[in-house]
Amino acid sequence: MSAATAERNTDRKDPGYKAYPVMASTRIYKGTLVVIDNAGYAKPAVNAASQRVVGVADAGANNTAGASGAINVIVREGIYRLAASSI
């Protein structure tokens, strides 16, 4: 194997960011787990079979006064170390 002699693009997998529409009357706090319900709206994590965890909120999202989908929450995908809880 020889040393590189030119620049190149190297593929990598970073934890991705994705925006999800937030459910009506919902507030999601930065750094908390975010789930998507069956209708495709984001909300704070709950212990329910119909919820799919999609990552951690990169910033807070306050949709307490809006309709479902009025705002988005930015979620960071990846693997996280979180404290155990009863939810």
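How many helices and how many strands does the protein chain have? I counted zero helices and seven strands, taking helices (H or I, at least four residues) and strands (E, at least two) as DSSP runs numbered from the N terminus.

**Ground rules.** I'm working on a predicted model, so I kept local features to pLDDT of at least 70 and side-chain atom pairs to pLDDT 80 or more, while totals for chains, interfaces and linings use all residues. Residues are numbered from 1 along each chain as its sequence is written, and side-chain values use heavy atoms, with hydrogens and water left out.

**Overall look.** From the N terminus on, I read the elements as β-β-β-β-β-β-β. Buried residues make up 24% of the 87 residues in the protein chain; buried means under 20% relative accessible area, exposed over 50%, partly exposed in between (1.4 Å probe, protein chains only). Next I looked up contacts (heavy atoms within 4.5 Å). Among those between residues at least 6 apart in sequence, 49% join residues at least 24 apart. The accessible surface comes to about 6,500 Å², and 50% of that belongs to carbon and sulfur atoms. Areas are from the Shrake-Rupley method with a 1.4 Å probe; for residues, only the protein chains shown count as cover.

**Strand 7.** I checked its partners, where two strands pair if DSSP finds at least two bridges between them. Strand 1 (residues 17-21) pairs with strand 7 in the antiparallel sense over five bridges, and P21 stands opposite N72 there. Strand 5 (residues 52-57) also runs antiparallel to strand 7, joined by two bridges, with V56 opposite R76.

**Salt bridge.** I searched the whole structure and got one salt bridge, meaning a side-chain nitrogen of Lys or Arg within 4 Å of a carboxyl oxygen of Asp or Glu. R76 and D58 form it, the closest N and O atoms being 2.7 Å apart. The pair links distant parts of the chain: R76 sits in strand 7, D58 in the loop between strand 5 and strand 6 (61-63), 18 residues apart. R76 counts as partly exposed because its relative accessibility is 31%, and D58 is partly exposed too, at 26%.

**E77.** E77 lies in the segment after strand 7 (72-76) and is partly exposed because its relative accessibility is 29%. Y17 is 60 residues away along the chain, yet the C-alpha atoms of E77 and Y17 are separated by 6.2 Å. Ignoring residues up to four places away in sequence, I find E77 touching P15, G16, K18, Y20 and V54.

**V34.** Buried or exposed, then, for V34? V34 counts as buried because its relative accessibility is 0%; its place is in strand 3. Leaving out residues up to four places away in sequence, V34 touches a list of residues including I28, A42, R52, V53, V56, V73 and V75. V34 and V56 are 22 residues apart in sequence and 5.7 Å apart in space, C-alpha to C-alpha.

**L33 and the patch.** L33 is in strand 3 (residues 33-36), and is partly exposed, with a relative accessible area of 30%. With V53, Y80 and L82, L33 makes a nonpolar surface patch of about 340 Å². For patches I used residues with over 30% relative accessible area and no salt bridge, joining like charges within 9 Å and nonpolar side chains (Val, Leu, Ile, Met, Phe, Trp, Tyr) within 5 Å.

**Q51.** Q51 is in the loop between strand 4 (42-44) and strand 5, and counts as buried because its relative accessibility is 15%. Its side chain makes a polar contact with the side chain of S50 (2.9 Å). By polar contact I mean a pair of N or O atoms within 3.5 Å; within protein, one must be able to donate a hydrogen and the other to accept it, and residues adjacent in sequence count only if both atoms are side-chain atoms. Beyond four places in sequence, Q51 is in contact with V35, I36, D37, K43 and V46.

**T26.** Last entry: T26 in strand 2 (residues 26-28). T26 counts as buried because its relative accessibility is 8%. A polar atom of the T26 side chain lies 3.1 Å from the backbone oxygen of M23.
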